[in-house]
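Subject: Structure handover

Hello,

Please find the structure below. My notes on it follow.

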Amino acid sequence: MAGGGPATLALALALLEVALPGAGAQGAALEDPGGHSVQEPWSQEPYYVHGEPEAQPQPLSPRPPAGTQEEARELHPPAPRPPKRAPKARKTPLREKPAPETEPPAPGKNSNRRGARTKSLEKAASDEHSPPRAPGEAGAGCPPLGLESLKVTDFQLHASTAKRYGLGAHRGRLNIQAGVSENDFYDGAWCAGRNDAHQWIEVDARRLTRFTGVITQGRNSLWLSDWVTSYKVMVSNDSHAWVTVKNGSGDMVFEGNSEKEVPVLNELPVPMVARYLRVNPQSWFPDGSVCLRLEVLGCPLPDPNNYYHRRNEMTTTDDLDFRHHSHRELRQLMKVVSEMCPNITRVYNIGKSQRGLKLYAVEVSDRPGEHEVGEPEFHYMAGAHGNEVLGRELLLLLVQFLCQEYLAGNARIVRLVEETRIHILPSLNPDGYEEASEGGSELGGWSLGRWTHDGIDINNNFPDLNSLLWEAEARQRGPRPVPNHHIPVPEWFLSENATVAAETRAVIAWMEKVPFVLGGNLQGGELVVAYPYDMARSPWRAQERSPTPDDHVFRWLAYSYASTHRLLTDARRRACHTEDFQKEDGTVNGASWHTVAGSLNDFSYLHTNCFELSIYVGCDKFPHESELPEEWENNRESLIVFMEQVHRGIKGLVTDSHGKGIPDAIISVEGINHDVRTASDGDYWRLLNPGEYVVTARAEGFAASTRSCMVGYDMGATRCDFALSKTNLARIREILQQRRPPPGGLRARPPWLRGRRRRQRA
C-alpha cells in the first residue's frame, strides 16, 4: 500500500466521490487549535430536495432517489433581495404608495412599514418553480419565534464560542440591553470567542418550523462598536447535518448591519422547514468583533402528537380585537365600544399632541360624565413612550373586556363599574406611536418613537417637586411644618417658553381637574412594577432607595399587581436585560433602580391625591400581533385586581354644621407625613393598609376633629366621616360680614351731644 502512492490516493478519492456526491464544497469539520468548540460539518445538498410533506412533516425525512435529487438541483432559489432596515429618521415622512407587487406583510406588522421592498422579478419568476410550501404558508410571512419576548428560553440558544459568559448565546436576543455596567453576567450581545468565519449562533425551535427570515443587530454597548456585516444561514433537523441557504449554485450571503442599533431584516428566498437554524457570520466591522443580536421569523408547524407543545400553548377565550391599532383605528374602536355600552362609557379627549392628534380617553362608570360623591376615581394611561405599544393594546383590550363582561352580567365587573369611576387613556404619545409603527413590531429598534414629535420624554417631563420638598425640609427652622402634599407647580414651568410637551400640560390639567385616587401608567421593555420615589434623595447617587411616607402602601399596591401576573413573580423566568427583580417579588422602588427627576409618579404623589405606579408589562416593547392574546392572559387579572385596590383604606365626607361639604379640607393620618385633601363636594379617599389609624380633619375657619378609624382586611374602604364646627374667630368674622350698614338717612350722634345727654340725666 505504501508503494502505491499517487495511484492509490487517486482511487480512494474517486471512490469517495461516488459514495458522497458533491460533498467537497462545504466540507469537513474544522479543527480548532485553540481549544474552543467549533461548528459541525455542513451539508452541501439543498434542503428543499428532501420534499417536506404537505400534511405532517417528519423530523427525519428519507433521502430521495438520485434522479429526483438531480432535478431538484436544477431548481435554483432566486438571488437575495436587499435587507429591510429600520428607519433612523425621527420625523415621519409622507408614506409612499406601495408597488402592486409588494409582498403582503407578516401578521402583526404594519403594511405601510418603512423599509419594505417590492418583490424582485427573479423572485416572481421563480415562484412557480419553488419547492412545495409548508401547510398554512399561503405566501404570508411568519411571526418571530420569541427571542426578544423570552418565549425562546436560554436552553434553546447555542453558539460555537463565546468571549465570556456575559456575551454568551443567551445574550444574543434582539434589542437586549447591556446597561451601564457591561459585566461578566449581563452584556449586550452574543460575541464569538474568535473573529473568524467559522463561528455561529444556533436557535432550537424544539419542533419543525417554517423559517422565513432573520433580523440582526449589533452589540449594545456604550463603549464598543461591534456588528456583523454579512452572514450565512443554515438549517438542520438534527443539529448534525446542516444545509446552507442557497443562492443559485452557491451559498447565499446575506447583507448584515451597518451600525449596531438599527435592526436589519433578511427574508429567506424560499421558506425552509427544519427544527434548528444557525447564523454564520462571514464579515464584521473592521475595528470590532463578531457580535450580534437576532430574532428569527418562523411558523411552527402543527404537531398534535407532541404533548409538550399542546400543554404549553397559551389560548384565550375572550372574544377581543387582538391586533395593533393606528390612531384612527383606536378612535374607531372606542366609538364601537361606546355604542355597545352607551350607559356605562363616554369617550372624550384631554387635549392634543404636538402634531394635533387628540388624546382620547374612555370613561367607564354607571354614570358617565358625572362625579358621584363617595365614589373614587381611577385611571390607567399608556403610551408615554410611543414605541412601548403593549400597554396601549392592553388598555384597548381592557375597555372591550369591561364592556362585554358588564353586558354579560359578570358580578365582579358590574360591582367594579358601579362603585368606581374608571378613566382609560391608551395613547399619551400618539405622535411617537405613529413613528414607531412605521418601523413595525420587529424593525422599530429600541428607541424609534420613544419621544414626542419635538423630542421630549414625557415620562420625565413633569416638574421636579421632590427637590422643592427636600430643600424646604432641610432649611426648616421654625415650628411651622413644611407642606407635604399639593406642592404647587413652579411658575417657570407654566411659562410658554418652558421645555414642556403639549402632552405633559394636558395630563397635568387632567389630573388637577379629576380627583384621582389611584393610577397606573403602563410601560414596556421590562417586567416589574415600580413605585415612588423615582428620584434619589442624594443628588450624587444614581441608585438609592428613596421611600415615600406611604412606602408600605405603595409596596402593597405594587405587589397586588405583580402577584396576580402570570410571570412577574415566577422565580423560573430569566431577567429581561440586566436587572433581576425577583428578590422583591417583581417590584422595585424607582430610585433604587435608576434615579429620574420629574417623573409622573413623583409629581402625582406630591401635587395631587393620586398614588401613581409605573407598570412595566413586557420585555418586548412592540410585540407581534400573534403574541397579544398571551400577553392579555398574562395581565388581565392583574389589571382588574389593581383597579380594585382603589377601595382599600378609608373614605368619607367632611361637612360643616349644616351638612354642607367642605372642599380642600386636609386629612392627616398620625405617623404618616403625607396628607390628602377633600374634593369639591367634601368627599375624600385615603389609601391605607389594614390597621387602626388616628385621623384628623382640618379646614380653614373650622376646628380640627380627630377620630380613630379601623381598616380591615376585607375589600372595601372604611367609612370615616367628619363634621367640623367653626372656630370663634371664624364666627365673629362671619357676623361682621353679615352685619348690615345703617341706612343712609340716619347719622351717628356727635360725641359732644351724647356727653351732654348723660350729664343732664345725672
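The accessible surface of the chain comes to about 35400 Å², and carbon and sulfur atoms account for 52% of that area. Accessible areas were computed by the Shrake-Rupley method with a 1.4 Å probe; for residues, only the protein chains shown count as cover. Please note that this is a predicted model, in which local features need pLDDT of at least 70 and side-chain atom pairs count only at pLDDT 80 or more, while totals for chains, interfaces and linings use all residues. Residues are numbered from 1 along each chain as its sequence is written, and side-chain values use heavy atoms, with hydrogens and water left out.

Overall fold

The chain has 17 helices and 28 strands. These are DSSP runs, numbered from the N terminus: H or I of at least four residues for helices, E of at least two for strands. Of its 762 residues, 52% count as buried, where buried means under 20% relative accessible area, exposed over 50%, and partly exposed in between (1.4 Å probe, protein chains only). A contact is taken as heavy atoms within 4.5 Å. Among contacts between residues at least 6 apart in sequence, 77% join residues at least 24 apart.

Disulfides

The search of the whole structure gave 5 disulfides, a disulfide being a pair of cysteine sulfur atoms within 2.5 Å. Counting bonded cysteines along the chain, the pattern is 1-4, 2-3, 5-6, 7-8, 9-10.

Cys 142 and Cys 299 are bonded with their sulfur atoms 1.8 Å apart. The torsion about the S-S bond of this pair is about -110°, so the disulfide is left-handed. Cys 142 sits in the loop between α3 (121-126) and β3 (157-159) and Cys 299 in strand β12 (residues 291-300), so the bond ties together parts that are 157 residues apart in sequence. Both cysteines of this pair are buried.

Strand β12 also holds Cys 291, whose partner Cys 191 is in strand β4 (residues 190-191), 100 residues apart. The sulfur atoms of Cys 191 and Cys 291 are 1.9 Å apart. Here the S-S torsion is about 115°, so this disulfide is right-handed. Cys 191 and Cys 291 are both buried.

Cys 709 and Cys 720 form another disulfide, with a sulfur-sulfur distance of 1.8 Å. Cys 709 belongs to strand β26 (residues 705-711) and Cys 720 to the loop between β27 (718-719) and β28 (722-723), 11 residues apart. Both Cys 709 and Cys 720 are buried.

A further cysteine, Cys 610, counts as buried at 1% relative accessibility.

Pockets and cavities

Both were searched on a 1 Å grid over the protein atoms alone: a cavity is a set of points where a 1.4 Å probe fits but cannot get out, and a pocket is an open set with protein on both sides within 12 Å along at least five of seven lines; lining residues have an atom within 4 Å of a point. Grid points are joined across faces, edges and corners, and a volume is the space filled by probe spheres set on the points.

The second largest pocket holds about 1300 Å³ of space. Its lining consists of 50 residues, and those nearest the centre are Gln 177, Trp 446, Arg 450, His 594 and Lys 621. At least two lining residues come from each of β18 (526-531), α13 (590-593), α14 (600-607) and β20 (611-618). By class, the lining has 16 nonpolar, 24 polar and 10 charged residues. Ala, Val, Leu, Ile, Met, Phe, Trp, Tyr, Cys and Pro count as nonpolar, Asp, Glu, Lys and Arg as charged, and the others, Gly among them, as polar.

There are 10 cavities of 30 Å³ or more in the whole structure. The second largest cavity has about 90 Å³ of space and is lined by 14 residues, with Ser 441, Gly 444, Gly 445, Lys 621 and Phe 622 nearest its centre. Its lining comprises 4 nonpolar, 6 polar and 4 charged residues.

Two threonines

Thr 548, in the loop between β18 and α12 (551-562), is buried, with a relative accessible area of 6%. Not counting residues up to four places away in sequence, Thr 548 touches Pro 532, Tyr 533, Phe 554 and Tyr 605.

Thr 578 is in the loop between α12 and β19 (587-589). With the sequence neighbours up to four places away again left out, Thr 578 touches Arg 171, Gln 177, Ala 178, Gly 179 and Tyr 186. Thr 578 and Gly 179 are 399 residues apart in sequence, with their C-alpha atoms 6.8 Å apart in space.

Regards
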